[in-house]
Amino acid sequence: MKIARVVGNVWATHKEQRLTGLRFIIVQPINQREEKEGEMIVAVDPLGAGIGQNVLLVQGSTAVRALRNPDLPVDAAIVAIVDKLEVNNA
């Protein structure tokens, strides 16, 4: 899992039929130690996260399992909206 920040939304009128009804967002993974943001990733969001919120992101086969449909052509999914982050920098 990675911590990521929601930075945008994606709308796609024409898409693979199995993706109909899914919400897509753009997230940027956060590296807490270096305070840098990673590359932007499009993820399926079944939870309704908003722009600026931190989320937990899973990728690969874990994303498909999280969405409970092994036939989905998905490689990133949101599994939680983060309420609070606490990092010990010691």
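1. Aspartate 45 is found in the loop between S4 and S5, where strands are DSSP runs of E of at least two residues, and helices runs of H or I of at least four, numbered from the N terminus. The model is a predicted one, in which local features need pLDDT of at least 70 and side-chain atom pairs count only at pLDDT 80 or more, while totals for chains, interfaces and linings use all residues. Residues are numbered from 1 along each chain as its sequence is written, and side-chain values use heavy atoms, with hydrogens and water left out.

2. Aspartate 45 is buried, with a relative accessible area of 3% (buried means under 20%, exposed over 50%, partly exposed in between, with a 1.4 Å probe and protein chains only). Its side chain reaches the backbone nitrogen of leucine 47 at 2.9 Å, and a polar atom of that side chain lies 3.2 Å from the backbone nitrogen of glycine 48.

3. Not counting residues up to four places away in sequence, aspartate 45 touches Arg23, Ile25 and Ile78, a contact being heavy atoms within 4.5 Å. Ile25 and Ile78 are also among the 11 residues of the largest nonpolar core, that is, a set of buried Ala, Val, Leu, Ile, Met, Phe, Trp, Tyr and Cys residues joined through side-chain atoms within 4.5 Å. Strands S1 (2-10), S2 (24-31), S4 (41-44), S5 (54-59) and S6 (76-81) each give two or more residues to this core.

4. The chain holds 1 helix and 6 strands, which run β-β-β-β-β-α-β from the N terminus on. Buried residues make up 31% of its 90 residues.

Note on methods. Polar contact = N/O pair within 3.5 Å; in protein donor to acceptor, adjacent residues only side chain to side chain.
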